[in-house]
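Subject: Structure handover

Hi,

Here is the structure for you to look over. My notes on the sheet, the helices and the cores follow below.

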Amino acid sequence: MDFVQQNNHVLYLWSGAVSAEIEKEVNDLKSIPNVKVNVENAERLHLAEYGNSQFDVILANVATSDANLMAQLVKLLKPKGKGIFKSDSARTDLLLAGFINVVPSGNVYVAEKPGYEIGSAAKLSFASKSKVAAVWKLDADDEEEERIDDEELLDEQDKAKPTPESLRVCGTTGKRKACKDCSCGLAKELDAEAKGKAITDPAPKSSCGSCYLGDAFRCATCPYLGMPAFKPGEKIVLSDTQMQADI
């Protein structure tokens, strides 16, 4: 009975039949000076007879799996009062019921009620609206206030329109970095850029070499069919109608 101190109000709770051990523990409690003891059977407990926060200590020789009973015992204890549970105790059951600081001690579990009454309320103190508004208030008369000129955020290089070459990326890497087996020409472009040279596309070559001579020398699929002969190397522009299929 080391958990009971002088002047404590104790509730001794058990279930089942009265044993010699229970009788001895109750007698030991009553022998402590100025200790008031209430003895109850959990199966016949009438909580309406007791008010909330009435007991300093509850000695319970009952199973903690009864969630309703555990929640009622929390209310019977005074704030920071202790509950001592002996039979089939489970730490999780006590925590879920509202007890805190649940620790084993020998063959019992010692649990504590929080330092406030269950169901109590307290008003929260927040800063007034006037103080909150003052935090975000800007002093328009402060001439030393440093402000950013939005015209200086971007320079001419940022405003420059990107070229198609600079936007071209590798389909494999997703970046302007050629992959190991580059076959799209990006590797050559990057190499030329590194050397400061510009890549010039070679002049297109005819598959037969006779397109410029006229229809008599052109193959059946030549795009220049129907056009007059032209000088070798002359740039020929096809009209929109010629770029459309006949069928």
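Helix 1 (residues 20–30) lies across strand 1, strand 2 and strand 3 (55–61). Its direction is at about 175° to that of strand 1. Helix 2 (residues 67–76) also packs on the sheet. Helix 2 touches strand 1, strand 3 and strand 4, and runs at about 135° to strand 4. Axes are lines fitted to C-alpha atoms, for helices over the stretch in contact, with angles from 0 to 180 degrees between N-to-C directions. Contact means heavy atoms within 4.5 Å. Helices (H or I, at least four residues) and strands (E, at least two) are DSSP runs, numbered from the N terminus.

Some ground rules. This is a predicted model: local features need pLDDT of at least 70, side-chain atom pairs count only at pLDDT 80 or more, and totals for chains, interfaces and linings use all residues. Residues are numbered from 1 along each chain as its sequence is written, and side-chain values use heavy atoms, leaving out hydrogens and water.

The sheet is open, with 6 strands in the order 2-1-3-4-6-5 and mixed pairing. Two strands pair if DSSP finds at least two bridges between them. Strand 2 (36–41) and strand 5 are the edges; each has a single partner strand, so one side of each has no neighbour in the sheet. The twist averages 15° from one strand to the next.

Strand 1 (residues 9–14) and strand 2 run parallel, joined by 6 bridges. Tyr12 has Val39 of strand 2 as its bridge partner. Asn38 is in strand 2 too. Asn38 is buried at 18% relative accessible area (buried is under 20%, exposed over 50%, partly exposed in between; 1.4 Å probe, protein chains only). Beyond four places in sequence, the contacts of Asn38 include His9, Tyr12, Tyr50 and Phe55.

Now the cores (buried Ala, Val, Leu, Ile, Met, Phe, Trp, Tyr and Cys residues joined through side-chain atoms within 4.5 Å). The largest has 20 residues, with Ile58, Met70, Leu73, Phe85 and Phe99 making the most contacts inside it. Helix 2 gives the most to this core, 5 residues. Apart from it lies another core of 15 residues, among them Val10, Ile22, Leu29 and Val108.

The whole structure has 1 aromatic pair. The ring centres of Phe85 and Phe99 are 5.5 Å apart and their planes at 75°, so the pair is edge-to-face (centres within 6.5 Å; under 30 degrees stacked, over 60 edge-to-face, the rest tilted; rings of Phe, Tyr and Trp, its six-membered ring). Both Phe85 and Phe99 are buried.

Best regards
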